[in-house]
Amino acid sequence: MNGEIKIVILLLFCASLYGHDIEDDYIKWKGYSRLGIIQANNSETGAGTYFRLKRHTQYTFKDLRLFAHWVSENDTYLKLRYKNSKKFVKFSQFYNFTVISFDQNKKVGLDIRSQGGQGVGYFLIDYDYGHINTELSFSYDIMDHVNDTKKTSYVKIGVFWDNELPKFETKLELETIYQISDIVDDDLSRIEILFEFYYPIMKNINIIVGYEREEYFKQASGYSYFFSIGYKKSIDWKL
């Protein structure tokens with residue numbers, strides 16, 4: 001796949017973010033950003049930033065995110081991810097989704113990799129202050145653009161809990177990722193954990209503290225703590 005084709009694919013996915021729902025005029029946009037400090041498991045500290053653009057209606061959810069972490073010259077992480085979800089009309093507790101992502105992780109020798117995936121989700125619990133949902137998906141490498149052309153595939157099982165109480169918010173994400181092909185030599189099966197605590201200090205501005213961990217089954221694991229100042233605001237778009 002040459003560079004022009006890759007650019008076209010990314011533009012098509014970004015363009016679909018602005019698609020209009022003809023039979024669903026409940027459209028809401030929200031933007032997020034944050035800047036903070038990260039402490040890695042080797043006790044080194046660095047900086048991190050995050051940008052997110054979300055569009056949702058009664059039956060669709062489109063989400064574009066950019067993560068960027070810098071600890072040292074050989075410890076940087078960059079990820080661009082787009083997710084498109086759609087609820088079933090008659091069974092609204094179920095939804096399907098597609099994901100495409102581009103990421104770089106110098107700490108593990110990953111230059112640039114693109115992945116795609118499809119899956120289904122189910123809202124286990126929906127209550128006044130939040131919800132718990134679970135997802136099952138199939139994910140696959142599109143290509144590792146710099147290292148080599150070897151690709152592998154995965155099955156992902158996840159549980160996600162969003163809790164928005166009057167005084168604070170919490171987010172917990174647990175994902176188990178099983179590598180189901182042995183095209184690459186290393187087994188990348190792992191458990192990913194993310195916990196975030198949000199405390200509002202003024203309108204649209206939060207203090208965010210969190211913990212993230214990647215626990216590999218057959219490789220060295222890593223974790224980090226972070227402290228951020230976050231900003232979020234509704235956007236008056238009708239697209």
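Q: Which residues are linked in a network of salt bridges?
A: R52, D63, R65 and R81. A salt bridge here is a side-chain nitrogen of Lys or Arg within 4 Å of a carboxyl oxygen of Asp or Glu. Note that this is a predicted model, where local features need pLDDT of at least 70, side-chain atom pairs count only at pLDDT 80 or more, and totals for chains, interfaces and linings use all residues. Residues are numbered from 1 along each chain as its sequence is written, and side-chain values use heavy atoms, with hydrogens and water left out.

Q: How many salt bridges does the structure hold?
A: Nine. One of them joins the side chains of R52 and D63, at 2.8 Å from N to O. That pair links distant parts of the chain, with R52 in strand β2 (residues 45-56) and D63 in strand β3 (residues 60-72), 11 residues apart; strands are DSSP runs of E, at least two residues, numbered from the N terminus.

Q: Is D63 buried or exposed?
A: Buried, at 0% relative accessibility. Buried means under 20% relative accessible area, with a 1.4 Å probe and protein chains only. R52 is also buried, at 13%.

Q: What about K171, which residue does its side chain meet in a salt bridge?
A: D162, at 2.5 Å from N to O. K171 counts as buried, at 14% relative accessibility.

Q: Changing topic: which residues make up the largest nonpolar core?
A: I38, L194, Y198, I208 and F226, five in all. Such a core is a set of buried Ala, Val, Leu, Ile, Met, Phe, Trp, Tyr and Cys residues joined through side-chain atoms within 4.5 Å.

Methods. Buried < 20%, exposed > 50% of the residue type's maximum accessible area, 1.4 Å probe, protein only. Helix = DSSP H or I, 4+ residues; strand = E, 2+ residues; numbered from the N terminus.
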